[in-house]
Amino acid sequence: MYKLYNVKAWGSISIHCLLEEMEVPYTNIWMTAEQVKAPEFRELNPLGMVPALGLDDGRTLYESAAIVTFLIAAHADKGMSPPLGSDDYGEFMSLLHMMSTELYPINSLAFGGTPFAQTAAHDAFIADTARDRADFYWALLEKRLEANGPWLMGDAFSAIDIYAFMLTIWGRPTEQALHDRFPALKKLAGAVRARPRLKAVLESHGVLEIGGYPN
Ligand SMILES: N[C@@H](CCC(=O)N[C@@H](CS)C(=O)NCC(=O)O)C(=O)O
């Protein structure tokens, strides 16, 4: 059985929701921020981050997009992506990777506190610039949803809707402010929250209601 290394409302929420939607058995391991930093956890995930997914043979997967890609292929019958190898799948992967490699880290910088800043003013400048830059990516998702929603792949709910939802809960300066700027993303977030299989898991992360992630 999979082991999900999980912190409330952190990046592991995307994998937690995906496993629940797919109804795939797993053991959930709640962790604290201190446990994520500890050397014992680094033996499992050398990056010292969640999400991480333990496999039956003792290996551990890391990087959220890699875990999503693994799970949708390992359980393709669950239909959480377009058919593997189809043109739609290619587009799905572009969106997944855009969110994980561009929007996720830029949005994280928008929280401030980056080790790359030398002074408080420098840090504030980086955070503001990152928030503006994140809006470029949010706007791409918004445009797509407006043109062909309600989900990112049109009529079909998929793993990337969960992933986008996760990013919206970390919206800057607040989740509500992000919803005010991007109404189609607000609608997507509401539709994810309304999914019957996700209610309990979102409640367990404290994000069933808007604003659950501490800003
Ligand atoms: N590129 C990684 C980023 C994961 C990430 O940033 N995880 C954060 C939580 S959202 C984390 O575990 N940070 C460790 C820490 O702050 O000590 C992924 O997509 O999985």
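In this predicted model, the axes of helices α1 and α4 come within 10 Å and cross at roughly 10°. Angles under 35 degrees count as roughly parallel, and α1 is therefore roughly parallel to α4.

**Two domains**

- The domain assignment divides the chain into domain 1, residues 2-78, and domain 2, residues 87-195.
- The centres of the two domains, taken over C-alpha atoms, are 21 Å apart.
- Where the domains meet, 10 residues of domain 1 are in contact with eight residues of domain 2.
- On the side of domain 1 that touches domain 2, α1 (12-22) and α4 (64-74) each provide at least two residues.
- The greatest contribution to that side comes from α1, with five residues.
- By class, the side of domain 1 that touches domain 2 comprises seven nonpolar residues, two polar residues and one charged residue.

**Packing of α5 and α6**

- Helix α5 spans residues 87-109 and helix α6 spans residues 120-148; the two pack at an angle of about 150°, and their axes are 7 Å apart.
- Because of this angle, α5 is roughly antiparallel to α6.
- The crossing of α5 and α6 is left-handed.
- From α5, the residues that take part are Met98, Glu102, Leu103, Ile106, Asn107 and Leu109.
- They meet Ile126, Ala127, Ala130, Arg133, Ala134 and Tyr137 of α6.
- The contact of α5 with α6 consists of nine nonpolar residues, one polar residue and two charged residues.

**Surroundings of the ligand**

- The residues around the ligand are Trp10, Gly11, Ala33, Val36, Lys37, Met49, Val50, Pro51, Glu63, Ser64, Ser100 and Tyr104.
- Helices α2 (33-37) and α5 each supply at least two residues of this shell.
- The helix that gives the most to the shell is α2, with three residues.
- Sorted by class, the shell around the ligand holds seven nonpolar, three polar and two charged residues.

Terms used: Residues are numbered from 1 along each chain as its sequence is written. This is a predicted model: local features need pLDDT of at least 70, side-chain atom pairs count only at pLDDT 80 or more; totals for chains, interfaces and linings use all residues. Domain bounds come from an automatic or database domain assignment. Two residues are in contact if their C-beta atoms, placed from the backbone, lie within 7 Å. Helices (H or I, at least four residues) and strands (E, at least two) are DSSP runs, numbered from the N terminus. Ala, Val, Leu, Ile, Met, Phe, Trp, Tyr, Cys and Pro count as nonpolar, Asp, Glu, Lys and Arg as charged, and the others, Gly among them, as polar. Axes are lines fitted to C-alpha atoms, for helices over the stretch in contact, and angles run from 0 to 180 degrees between N-to-C directions. Angles under 35 degrees count as roughly parallel, over 145 as roughly antiparallel, 65 to 115 as roughly perpendicular and the rest as oblique. A crossing is left-handed if the near helix is turned anticlockwise from the far one by less than a right angle, and right-handed if clockwise. A residue is near a molecule or strand if its C-beta atom, placed from the backbone, lies within 6 Å of it.
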